[in-house]
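Subject: Structure for your files

Hello,

Here is the structure I said I would pass on.

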There are 2 protein chains.
Amino acid sequence: MLNSPPTTDWREARRQSAHDAIVDAAWSLADDMGLAGWSLRDLARRAGITVPTVYAYFDSKNEIYDAMFGRAASIFAERMAEPFDVEGPREILVASVHRFCEFCTSHPARYQLLFQRTLPGFEPSPDSYAHAIAALAGARHRLSLNGITEARHVDLWTALVTGLADQQVANDPGGDRWTRLIEESVVMFLTHCQSTPLAPSRGPHRVGTKGPPT
Amino acid sequence: MLNSPPTTDWREARRQSAHDAIVDAAWSLADDMGLAGWSLRDLARRAGITVPTVYAYFDSKNEIYDAMFGRAASIFAERMAEPFDVEGPREILVASVHRFCEFCTSHPARYQLLFQRTLPGFEPSPDSYAHAIAALAGARHRLSLNGITEARHVDLWTALVTGLADQQVANDPGGDRWTRLIEESVVMFLTHCQSTPLAPSRGPHRVGTKGPPT
DNA sequence: GTCTATAGCTGGATAGAC
DNA sequence: GTCTATCCAGCTATAGAC
């Protein structure tokens, strides 16, 4: 009877749900007012509580940003891991870019927090980062299904995909000026990578690279 | 003798130089503390003046941001318009991407203000935008020297280039993980565009497009 | 855990002497 | 144009009753 109660209590669950409600309200505000355009007063009002109650769950505003990052990264990883309703490795790759761009353009504030480093003194915690790494592993897998395994090509891929999403978010939000280039971009990328033979099943040695020096 | 003095006075010149000195100090602070990480007090201290003196030259902090944008856009346009010390249209294209990425990575705060839209309520004034348009015209010209004239391909180009710069700034500042992919990227891009024949000198009609629907 | 009340500070912006 | 001095709104964060 003197034992302390188990940590996985219904209390814990309630606390967790209140915690999540605050993060939800924070994201709602960020979508409306911009990532840095809201205060703890605003947050408390939207969550239907008061500022000290916020501090019962978070030690600082930065901790709230970190929770927002963690949640967004988790959603991102889950979304990108969902199965694709197309067949063929190339079609899956195309669909993944469409999904990525849709993820980015649908919530610009989320895109800003996850993929641009714009908040003054904010750094995401390491475990939040794990989600992003998992998502990158998924992309690597989809690339490998297309015979792309070289690190150089993976980097080129991330540049191409983020460039499309970035231009779409920045210069044509709500439109399709860049997303409609996705299929063509994938064709360009695959054609290029498959035309630089590297004996993929023979090992990691490089053959006939014309690559940039330095 | 009762005539008012001409407006292009030495007074104007002195006022202009004081104005510029404040903008210089603002950029110096932005580089050190982040684009939004400084106050008017900080700015005055670094400029060696006081806050009310700042208000003798600018009506608000947003007006300072606009002046910063204008100056950065002007420098950008000038930098990208400088001649390239290489020969051949392809080599010029490669050199222009190197120059662009160097411009972006050397001052991340400047990159953030010019190419990412991250400040809460800030919109650059139209004349500041003129510089950016001039720079885009330069890129269009360099592309046309390589036979690239289609709007779709220009958009693909901007996505590719900004993607490289963005990844370099965000994930490997100070390194060359993405900038070393520039030449390969240009080869990939040109090979792709030149393999989609469009009878460039025959007019704007499209031939054999396999392009994305919708 | 949640509140009322407020501390302590910093932000942008101004008044008015010189 | 430049200063000293200050206003006031807003911010994050906390004290202490319940």
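This is a predicted model: local features need pLDDT of at least 70, side-chain atom pairs count only at pLDDT 80 or more; totals for chains, interfaces and linings use all residues.

DNA strand D

DNA strand D is surrounded by 14 residues, and the closest include A:L40, A:R41 and B:R15. Three side chains reach phosphate oxygens of DNA strand D: B:R15 with an N or O atom at 2.2 Å, B:T53 with a polar atom at 2.6 Å, and A:K61 with an N or O atom at 2.9 Å. The largest share, three residues, belongs to α3(A). By type, this surface has seven nonpolar, four polar and three charged residues.

Chain A and chain B

On each side of the interface, 30 residues are in contact with the other chain. About 3,000 Å² is buried between the chains, with carbon and sulfur atoms giving 57% of that area. B:D155, B:E184 and B:M188 supply 21% of what chain B buries against chain A, more than any other three residues. There are four salt bridges between the chains; one of them joins A:R152 to B:E184, with the closest N and O atoms 2.6 Å apart. On the chain B side, α8 (151–171) and α9 (182–194) each supply at least two residues, and α8(B) gives the most, with twelve.

Regards

Definitions and conventions
Residues are numbered from 1 along each chain as its sequence is written. Chains are lettered from A and ligands numbered from 1 in the order in which they are written. Side-chain values use heavy atoms; hydrogens and water are left out. A residue is near a molecule or strand if one of its heavy atoms lies within 4 Å of it. A polar contact is a pair of N or O atoms within 3.5 Å; within protein, one must be able to donate a hydrogen and the other to accept it, and residues adjacent in sequence count only if both atoms are side-chain atoms. Helices (H or I, at least four residues) and strands (E, at least two) are DSSP runs, numbered from the N terminus. Ala, Val, Leu, Ile, Met, Phe, Trp, Tyr, Cys and Pro count as nonpolar, Asp, Glu, Lys and Arg as charged, and the others, Gly among them, as polar. Contact means heavy atoms within 4.5 Å. Buried area is the accessible area (1.4 Å probe) that two parts lose on being put together, summed over both. A salt bridge is a side-chain nitrogen of Lys or Arg within 4 Å of a carboxyl oxygen of Asp or Glu.
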